[in-house]
Amino acid sequence: MINTRLIAALFWLLWTVSGISQSLEEKLSDLSSEYGFSYAALKTDTLFTEKYILWFDQPVDHKSSGGETFRQRVFLSHKDAGEPVIFITEGYDAYYAASPRYVSEMAGILGANQIVVEHRYFGKSKPDPLNWDHLTVYNAAADQHRVITVLKHLYQGKWISTGISKGGQTAMYHRFFYPDDVDMTVPYVAPLNFSTEERRVYRFLKQVGSKECRDKILRFQTKLLENKADYLPAFQKLAAQKKLNYRMGIEKAFELTVFEYSFAFWQWGQYGCDKIPDDFSDKEKTIRHLDDVAGIDWISDEGIQKLQPFFYQAMREIGFYGYDITPFRSWTSFETNPTFEFTLPEDVEVTYEPQLMQEVDHFIRHKAERMLFIYGEYDPWSAPGVDLTYHTSSMKVVKPGGSHRTRIRNLPPELKDQVLNTLEDWLSQP
């Protein structure tokens with residue numbers, strides 16, 4: 001009987017040996033001729049020796065052959081062909097990866113090569129025209145699978161996929177559809193939502209941190225909503241200075257931003273409870289604090305435009321959160337808990353499809369191996385964080401008091417050692 005695995009291994013060995021004398025650029029040239037991507041050299045002044053921008057022609061719909069294509073932006077930072085590869089599944093624009101100085105945390109820790117894939121429909125990786133029907137989790141995962149399939153010809157080390165927040169979600173979804181593409185996955189602060197109004201977030205915000213701090217947050221929100229007429233002019237003035245417009249109207253925009261305050265306060269952890277105002281007499285100063293914490297721009301027309309592919313994905317497949325208006329019913333113009341359907345593109349109707357996230361959850365609980373999830377305890381996105389059954393090798397780490405800015409580098413020493421030892425162990429396995 002023919003041993004197909006042995007033959008494949010021999011072919012790989014022959015290709016590797018024949019390519020030893022080739023430079024990385026020569027190998028890219030050969031691959032680009034075979035697989036039809038373009039590339040150009042970029043500057044690098046960090047731990048990498050070479051850096052390139054690659055443009056992959058991707059199908060707009062991977063389930064339909066011969067259809068429209070778009071160019072997807074990929075950044076390759078090279079150190080050594082025998083070292084691991086950090087494969088970053090960006091959830092948004094990947095503009096930052098063009099910087100000569102950009103080194104991801106994982107690449108820095110492991111001294112690894114680095115590949116950053118910009119998410120479809122973001123940044124420079126947009127189909128023209130935008131057909132929203134094809135912005136799916138599957139199509140994004142298929143984009144990443146094709147990039148890996150091609151670039152695996154360059155490297156012999158282990159592959160580690162990773163991403164932060166939505167990028168971490170993207171890494172989870174890619175691993176679900178293509179479990180053998182990489183050897184391990186490290187999603188940072190990545191939720192696994194089951195609806196467009198994640199009620200686990202509501203429960204979380206009622207018990208996170210200290211009661212004293214939660215009471216101060218509630219007092220701040222109540223003060224602004226109860227005296228809405230007094231604070232709306234300052235809100236409107238700041239919006240005009242920032243040249244922001246709101247499709248839902250200025251009153252609802254104000255209310256939504258006040259609702260967001262509690263989520264954003266805990267998500268980013270940039271302000272202590274002592275920074276929450278006690279004096280509300282200066283209206284403009286109070287609104288500036290609201291802006292500093294919650295941001296008055298992100299639900300503006302301009303903010304929505306920047307994030308519209310994300311909002312579409314959230315309302316269709318990956319889920320999101322809403323706002324519990326129970327404490328504010330006497331002062332809000334909303335009659336029910338607001339969710340984010342208002343962020344969808346004009347003339348686009350979307351019905352949330354819950355099945356896929358349930359399937360991803362089952363995969364992570366029962367089948368996924370060598371996935372390491374990192375969360376912050378005070379980050380509201382940890383409320384819909386993954387749950388593990390612990391009969392796989394996967395692991396979940398939660399930083400005490402941590403926010404959405406939780407990274408390996410700022411974990412407590414014992415958790416940091418646990419993460420690094422786990423990665424070292426996984427890298428040593430066949």
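**Second largest pocket**

I began with the helices around the second largest pocket of this predicted model: H6 (199-205), H7 (211-226) and H9 each supply at least two residues of its lining. I then asked which element gives the largest share of that lining. It is H7, with 6 residues.

I noted 20 lining residues here, and those nearest the centre of the second largest pocket are Leu205, Lys206, Gln221, Ser262 and Pro327. I sorted the lining of this pocket by class and got 12 nonpolar, 3 polar and 5 charged residues. For its volume I wrote down about 420 Å³.

**Largest pocket**

Next I turned to the largest pocket, whose volume comes to about 1,200 Å³. I found 47 residues in its lining. Tyr92, Ile164, Ser165, Trp268 and His404 are the ones that lie nearest the centre of the largest pocket.

I also looked up which elements give two or more residues to the lining of the largest pocket. Two are strands, E4 (85-89) and E6 (159-164). The helices are H3 (105-110), H5 (166-177), H9 (250-268), H10 (283-294) and H11 (301-318).

Which element gives the most to the lining of the largest pocket? My answer is H9, with 5 residues. I was pleased to meet H9 again, as this helix also supplies at least two residues of the lining of the second largest pocket.

Methods: Residues numbered from 1 in each chain as written. Predicted model: local features only at pLDDT ≥ 70, side-chain atom pairs only at ≥ 80, totals over all residues. Heavy atoms only, no water. 1 Å grid on protein atoms, 1.4 Å probe; cavity = no way out; pocket = protein on both sides within 12 Å on 5 of 7 lines; lining within 4 Å. Points joined across faces, edges and corners; volume = space filled by probe spheres on them. Helix = DSSP H or I, 4+ residues; strand = E, 2+ residues; numbered from the N terminus. Nonpolar A, V, L, I, M, F, W, Y, C, P; charged D, E, K, R; others polar.
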